[in-house]
Amino acid sequence: MISPTSIPSNFRILDPVTNEIYTDMSLLSEVSLVILVETPYSLTLKADQSQFFRQFLDKKRSCVLINGFSQDHEISRQHLPYWSDLPANITFRGANPANTSMQECAATATRINALLFKYADFGRELDKRHREMILRLNDLYLRGEVNPCSHGIIVSREEMAKIATLGSEIQALHKPLPLFPPPPTSYTSLPHLHNMLKKYEKVCVIWTVDQLRRSSLEQLKVPHLVLLSEEENSLYESGLSDLSYPSSKLIVLAEESAIKRGTETTTTYDTLTVLVSKRLEQLFHPALRGVLKT
Amino acid sequence: MNSLSSHLSGKCRIFDPLTRQCYEDLSPLDTSQVILYGEVHETEVLAKAQEEILDIVHRTNSTGTTCLLLEGLAIGQSMKAEDFLRYSVDKSVVILGADCRAEPWKEIHKKIYLWNKQRHDLIKLKRQKSLEHVQKVASILNKELIHKVIQFTKEELVVRQAIAEEIFGLEEKIIGPVTCLLKKHEDKAENFPTSDERSAQLEKSNVHFAEQVVEASKKYSRIFGVMGQAHFFLNNSILARLRSEKIKFSVIFPTTKQQELAEHEGNWPLNEYDRVKLRMLDGVALTTIVIPKEFSHLLHPAIRKTLSGVSSVKPLELDDAFFKEIHQRKISVLEFTQPLKLKMPPFRAVNLDAFADNNQRDQFNSEILLTLRDYFFFKGLRFIDIKGASKVERCSNEKEHTLTLHSEESITVQLAHDFLITEAQVLFDELAHRGQPEIRIPADKKVALLDVKGDQLTKLMSDCQLDHCLSAFAPKGYSIKTTGHINISPSADNIPVLVLSNKNGLAFTLTHKVEP
């Protein structure tokens, strides 16, 4: 019997018919097939998945089907360093239709693994720099040197230059990192899944949301569950490679010129847009948080 | 990284008194002598969190003695660490009372405390058992659904008789024993004196608490004061007093997750948690079970759709489309046959004492009328009168402040479109809170600001420095700029207050004051 509390709490069960979610993990003991839906390229998620496999694939003959490898490949643990310590009863096999050589798949996997770790480092650095910027802005706000307005925040030209420098430093950190290859679009064929279920007592397959949408799950003849991972960290990490992580826009304004005509003064401003990770939003002083735009 | 903020990172949030919201940058703690903790009372999740925070606050205080100031303990009373039963406190921490409403601590209070603690333990057990119950029910029904042996009507599940019977007996089996223990325990409380009226006199207690903090700050290098969050939502009197003494302080709140857990946990002792009904038809009979709403996410979405709320009438919330119509059609009398839920400007947070006294009465006290006046001001309407409301429910937390008006029959609200009435202070505080620095008043609509009167009004009428005059009502650090062609006159319906009229539209803008 799987204890619901031993499953990482960010997993939810998706009802593919209504697209709604629920949390009754006791159902895992009823099914032999679980489809894990992920946003790829997150190390945090790999760690959660590892914990999930330990709980769910507790039988002698279990299998995880891996995206990016052809379905006739059995994959050694060296290609999956983040899962290398999983018990030996779990076999890793390819999930996609057979049209690529093992060598090619392995080379791609090695490239992806190296990038995963590099992007995790980049994410930590990005977080650190944004955090420093937010704390500085909060401090300046409390000293009356940052003014929130309906467009964004008004800062001194000096501060704006500092923020612009931060932006170029982040660009410079990001630029040398190559992009992840696009995730496979072909999904595991249902006959392959049925074959695997004859061979193994429990099977997990990892799909992207796109693969889930294009699959014909209603044709699956066995009870199965679709699990979603909705963790902020994994969404953030997944979006690092193309800087599409969930973020808010902070518009920074600095006075460019002020022209006085009679009693009226017309002020023009330079503007700069900074993207700040959504998960850091709560770090902003509420008065500054109020001007963030999504 | 040995600062207090780094040690407490991820364990609490800073409460900003102006916006009534929290943020996670804890750096203000590093310069604070006084740390005030806003808690949800009597929740275990917060007692544990508080114990850890106090321990860190004390251990990082290398320059002198730490003082723990408590709500619930009478002013002038001290307590030994071993007598403080809620959680463990280092012996060197000085524990002092700061609550003008509390009676002196006697042996009977210890008995009541222990009785209460046991009651809370039982309630906690009941909540756990209730979760276990819903997990079991969900597991049975979800499995039936997966194997397609369940059907639906509009409001019921059609299940096999054996399943309905199995589920029917579960509640008694799982929760029954603890309910019985709880009942026996409640019976033992008969001879205890009734609890003091602590929820009343909140305002008075804030004043006294602030004085105790000021006194303690002269003796102790670090002060950790614990109060219910309602004290901070009520008004800024504690903070204003500390500022006037130039005492460095911060107010901290639990983390978002802790807050959520505490609010759920805190509703159980009061028996005020939301419940939903699950109805099952087994071909012979209809079985209904009631479960806590907070656990309903365990049920499959298709099953969840058949759930119905236990309270049948949902309060009506007035949205923008509603007010658009009111303005277009110039409607001035509204009649509501269901409860009315109004999102309040937090700066018109109503005095809790008033609710304690008036909940059962047919009349509203002036605080509530002022609250309604300001609510309708921000909707561009002048509130005149309300009739028929018999009970008021107030909910105030960091997410929202609401007032729900209930009625035996119907509620009638009378409004006017001619001019708007509020107080300058409420208007500007609300703008600061919303992070919306500007409010526009439509052309030809007069605005009366009731708190601009007396000497200020006389001075304004003589030198016409409107922005300067209004800036005195702005929150600290802000000034006010008015734009538009404004006529200033000193009365509204013969009351000597400031009235602004305008031909082409008027705007108030809140700007940060730049100190010379």
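Two strands are taken to pair if DSSP finds at least two bridges between them, and strands (E, at least two residues) and helices (H or I, at least four residues) are DSSP runs numbered from the N terminus. The structure is a predicted model, in which local features need pLDDT of at least 70 and side-chain atom pairs count only at pLDDT 80 or more, while totals for chains, interfaces and linings use all residues. Side-chain values use heavy atoms, without hydrogens and water, residues are numbered from 1 along each chain as its sequence is written, and chains are lettered from A and ligands numbered from 1 in the order in which they are written.

**Strand pairing in chain A**

Strand β7 (residues 153-155) of chain A runs parallel to strand β10 (residues 247-261) of chain A, and 3 bridges join the two; here A:I154 stands opposite A:L253 in β10(A). On β11 (residues 264-277) of chain A, the partner strand is again β10(A), but this pair is antiparallel and is joined by 14 bridges, with A:S247 opposite A:S277 in β11(A). β10(A) and β11(A) form a hairpin with 2 residues between them, and A:G262 in the turn has a positive phi of about 65°.

**The contact between chains A and B**

With contact meaning heavy atoms within 4.5 Å, 24 residues from chain B and 30 residues from chain A take part. The two chains bury about 2,400 Å² between them, 56% of it on carbon and sulfur atoms, where buried area is the accessible area (1.4 Å probe) that two parts lose on being put together, summed over both. In chain B, the residues that lose the most area to chain A are B:Y23, B:I146 and B:H512, together 23% of what that side buries.

Between chain B and chain A there are 3 salt bridges, a salt bridge being a side-chain nitrogen of Lys or Arg within 4 Å of a carboxyl oxygen of Asp or Glu. One of them joins the side chains of B:K305 and A:E20 at 3.0 Å, N to O. On the side of chain B that touches chain A, the elements giving two or more residues are β2 (21-23), α3 (107-146) and α10 (301-304) of chain B, and α3(B) supplies the largest share, 5 residues.

Leaving aside neighbours within four places in sequence, B:V137 is in contact with B:I167, B:L170, B:L278 and B:I289. The C-alpha atoms of B:V137 and B:F168, 31 residues apart along the chain, are separated by 9.4 Å.

**Salt bridges within the chains**

Over all chains the count comes to 40 salt bridges, among them the following.

| Pair | N to O distance |
|---|---|
| A:R136 and A:E159 | 2.9 Å |
| A:R214 and A:D210 | 3.5 Å |
| B:E44 and B:K48 | 3.6 Å |

A:R136 is partly exposed at 30% relative accessible area, whereas A:E159 is buried at 6%. A:R214 and A:D210 both lie in helix α5 (residues 209-214) of chain A, 4 residues apart, about one turn of the helix.

Methods
Buried < 20%, exposed > 50% of the residue type's maximum accessible area, 1.4 Å probe, protein only.
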